[in-house]
Amino acid sequence: MAAQEIADAVQAYTGLSPAAAFTVLALMLATYLIVSTLFIAPDAAASAPAAQPKPPPQQEQVTEAEPEPEPFVPPFPDPVQVGEITLEQLGAYDGKDPAKSILIAIRGQVYDVSRGRLFYGPQGPYSLFAGRDASRALALMSFDLNDLTGDLEGLSPDELEVLQDWEEKFKERYPVVGHLPRENATAGAQPDEEQEKA
């Protein structure tokens with residue numbers, strides 16, 4: 001009797017036969033469960049006790065030790081003063097080693113551009129400049145390997161002005177952490193010293 005009353009109530013309330021109403025209810029529940037799993041983080045789902053079956057006792061004794069987690073490497077190291085650095089030494093700071101800074105030389109000054117890792121790091125659009133003297137390349141707005149040098153001979157006043165603009169941008173954004181030796185420094189690399197001599 002109670003089952004018939006429930007069937008009549010379902011039909012009166014939903015307008016569906018009891019079988020159709022329960023089918024719709026089951027589909028709605030299944031849809032809810034599927035959609036709700038989309039919003040659970042994979043780590044949370046993996047750590048849920050119901051989701052992980054317990055391994056058999058014999059496997060517990062044979063389990064391998066988990067590997068040591070990698071040490072945390074900050075997104076960019078703090079700037080470190082390198083002082084006088086040769087072009088060969090500068091090459092080691094090209095961004096390929098995440099524990100080292102990324103350095104670029106402009107007119108003899110060495111800048112730590114690690115904060116711009118997205119630009120100067122290994123996959124960045126300006127990665128070519130990392131670990132090198134980019135003075136001539138910046139003046140010419142060039143990505144040619146032959147222009148990655150500190151030699152400014154033959155540049156026009158307009159190109160030198162472009163280089164000056166780049167140098168000012170670097171001074172605003174990145175710390176100076178060293179300088180190239182005089183023989184590697186660009187002609188006119190030390191404008192302050194030239195002004196002192198005048």
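## Charged pairs and a charged patch

R136 counts as buried, with a relative accessibility of 16%; buried means under 20% relative accessible area, exposed over 50%, and partly exposed in between (1.4 Å probe, protein chains only). Before we go on, a word on the model: it is predicted, so local features need pLDDT of at least 70 and side-chain atom pairs count only at pLDDT 80 or more, while totals for chains, interfaces and linings use all residues. Residues are numbered from 1 along each chain as its sequence is written, and side-chain values use heavy atoms, leaving out hydrogens and water.

Back to R136, whose side chain meets that of D147 in a salt bridge (4.0 Å, N to O). R136 sits in helix 7 and D147 in the loop between helix 7 and helix 8, so this pair ties together parts that are eleven residues apart in sequence. D147 is buried as well, at 14% relative accessible area. A salt bridge here is a side-chain nitrogen of Lys or Arg within 4 Å of a carboxyl oxygen of Asp or Glu, and helices (H or I, at least four residues) and strands (E, at least two) are DSSP runs, numbered from the N terminus.

By this rule the count comes to three salt bridges. Another of them joins E167 to R107, with the closest N and O atoms 3.5 Å apart. This pair links distant parts of the chain: E167 is in helix 8 and R107 is in the loop between strand 2 and strand 3, 60 residues apart. Both E167 and R107 are buried. R107 also has a backbone feature to look at: its phi is near 50°, a positive value in a residue other than glycine.

K96 and D94 form a salt bridge too, with 3.7 Å between the closest N and O atoms. Here K96 is exposed, at 65% relative accessibility, whereas D94 is buried, at 19%.

M141 is another residue with a positive phi, about 55°, although it is not a glycine. You will find M141 in the loop between helix 7 (135-140) and helix 8, and it is exposed, with a relative accessible area of 56%.

Now turn to the surface, where D158, E161, D165, E168 and E172 gather in a patch of negative charge. Patches are made of residues with over 30% relative accessible area and no salt bridge, with like charges joined within 9 Å and nonpolar side chains (Val, Leu, Ile, Met, Phe, Trp, Tyr) within 5 Å. D158 lies in helix 8 (residues 157-173) and is exposed, at 58% relative accessibility.

Note on methods
Accessible areas come from the Shrake-Rupley method with a 1.4 Å probe; for residues, only the protein chains shown count as cover. Lys and Arg count as positive and Asp and Glu as negative; His and the chain ends are not counted. The place of a charge is taken as NZ of Lys, CZ of Arg, CG of Asp or CD of Glu.
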